Every structure is written in structure tokens, then in C-alpha cells.
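Me: I'd like to go through this model piece by piece, in plain talk. Could you take my questions one at a time?

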Amino acid sequence: MLKIKRILRRIFKILFGLVAIAFCLVFVVCAVFGIKGYFMYRDAIDQVPITEKVESIRSREGFTTYEELPQIYKDAVISVEDHRFLSHNGIDVIAIGRALLNDIRTMSPAEGGSTITQQLMKNLYFTQEKKLERKFAEVFAALDMESKYTKEEIFELYVNTIYFGSGYEGIYEAAQGYYGKNPSDLSDYEAVMLAGLPNAPSSYSLDTNPALAKQRMRQVLIRMIDCNVMTVNRAEELLSES
């Protein structure tokens, strides 16, 4: 019995040591790439300040304000892209923590976890290259953005800059190009459909893959139901439309 206890204590010490080493490794990796990311962020905004970027977007023809967007479109985008958007400060600690641990485990930054604010800052300042320092740069930039602008302003900047496929950038071009309408005139079906396209715009383009886009719309509706902004009956009604 004493021998078994000694063995168990030895095993516990080994496991504790491994956990401590893993924790230190994560800390060192985060510190190194965090510092690199901070300087990447500073270099980017020093070249072009956030306020200058924002004014450039707002001056575009067809810029659509938050108030002009259908409520169902807002609900759909938040549900499928960042369901804690209205409550976090620019980063979703739960999502990004899970993503970062998976990236470190696989040594390949393939996991998502970006908030709407992070995605906006990535689109405005950084490349699509999957590097840990770029992920940290996004975090610093997102915190900066959230300190300067409201959630409504960030949301409208986001939907006015994302790509919808078929050469359409921003919700105005997408609504006009796919449906010949202003964003405010979109039907519920059309609004939910457009909310799903930016996830993979080339694949879900309504001009080339309408069936695949419909499948994506189903995924968006499921997320809306999960987030309690859509009923099952209404989702079924929308899916029955053509």
C-alpha cells in the first residue's frame, strides 16, 4: 500500500511538473508574439491613424449607416460572426483563448476566434497571413478601436468593408449587385442570405453557387435560433422561400 502511494505521488509530481512547463511555455510564447504583435499594431496605426481610416470608409459612395440596416440583418451577422459582440470590449476572451491554445498545440495558427472588431481591424490594417503576432496585433488594434467608437459605429464600418463575393465590397454593393435594392429595402430572406456570404464569399457567391449559399443561410438561421433572435417557425418559413 505504501509503495502504491509513493508511486502515485511520483506520478503526481511528474504531471505537475509537465503542467508547469506547459504553462511557462505558453507564457513565453504569448510574451514573445505579444510584443511582436504590439509593435506591428503600433507601426500600422502610426502610418495611418484609425480616425483617418474611418473617415475614408465613411466617405465612400453608398456608405450604409447602422440605422439603415434591417434589424434582422444585424441579428444575423452578430449571431453567426460574434454572438458576444455587444458585451465584450473588442476581444472575446473565451473564443480567443480557445483558439490560441489550439494554435499553440498544433503549432499552426489555423483556429478562428476573432470578434467583429478584430475582423474589421484585420481588414483595415493587416494581411490575411496566419501568424500569431498578427493575431496579437489584431487584439491591440481592436481594443484601440473600441475605445474610440461605439458598437454601432464599429458594426457599420465592418459591414461596409467586408467582401460578399462577385466583386461586391460592403453591404451596399452586395444588396445592389445581388438584389438591385438598397440595404434598407432587403427582405428578411435576402438580409439573412447576405449575412452568411462573407464567411467564404467566393464559395457562397449567389452568382456561382446559389445552392451552397442556401446551405450557408441554413447555418445562419440555426445560429440565430441558438441566440434567441429567431424562432424555429420563422426560420422554416424563410427557408421555404425561393
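Predicted model: local features only at pLDDT ≥ 70, side-chain atom pairs only at ≥ 80, totals over all residues.

Me: How many helices and strands does the protein have?
Reply: Going by DSSP runs (H or I of at least four residues for helices, E of at least two for strands, numbered from the N terminus), the pattern along the sequence is α-α-α-α-α-α-α-α-α-α-α-α. That comes to twelve helices and zero strands.

Me: Among contacts between residues at least 6 apart in sequence, what percentage join residues at least 24 apart?
Reply: Contact here means heavy atoms within 4.5 Å. For pairs at least 6 apart in sequence, the part that joins residues at least 24 apart is 64%.

Me: Why is helix α9 described as largely enclosed, and what covers it?
Reply: Buried means under 20% relative accessible area, exposed over 50%, and partly exposed in between (1.4 Å probe, protein chains only). Helix α9 covers residues 188–196, and eight of its nine residues are buried, so the rest of the structure largely encloses it. Those buried residues are Tyr 189, Glu 190, Ala 191, Val 192, Met 193, Leu 194, Ala 195 and Gly 196. Their cover includes α3 (71–81), α8 (171–179), α10 (201–204), α11 (210–226) and α12 (232–240).

Me: Which residues touch the most other members of the largest nonpolar core?
Reply: A nonpolar core is a set of buried Ala, Val, Leu, Ile, Met, Phe, Trp, Tyr and Cys residues joined through side-chain atoms within 4.5 Å. Leu 221, one of the residues asked about, touches Val 192, Met 230, Ala 235, Leu 238 and Leu 239, leaving aside residues up to four places away in sequence. Of the 57 residues in the core, the ones that touch the most other members are Tyr 73, Met 145, Phe 155, Phe 164, Leu 194, Leu 197 and Leu 221.

Me: Which backbone oxygen does the side chain of Ser 240 reach?
Reply: Ser 240 sits in helix α12 and counts as exposed, at 60% relative accessibility. Its C-alpha atom is separated by 9.7 Å from that of Tyr 189, 51 residues apart along the chain. At 2.6 Å, the side chain of Ser 240 reaches the backbone oxygen of Glu 237.

Me: What is the angle between the planes of Tyr 38 and Phe 140?
Reply: The structure holds eight aromatic pairs (Phe, Tyr or Trp rings, the six-membered one for Trp, with centres within 6.5 Å; planes under 30 degrees apart are stacked, over 60 edge-to-face, the rest tilted). Tyr 38 and Phe 140 form an edge-to-face pair, 5.2 Å centre to centre. Tyr 38 lies in helix α1 (residues 2–47) and Phe 140 in helix α6, so the pair ties together parts that are 102 residues apart in sequence. The angle between their planes is 80 degrees.

How values were computed
Residues numbered from 1 in each chain as written. Heavy atoms only, no water. Polar contact = N/O pair within 3.5 Å; in protein donor to acceptor, adjacent residues only side chain to side chain.
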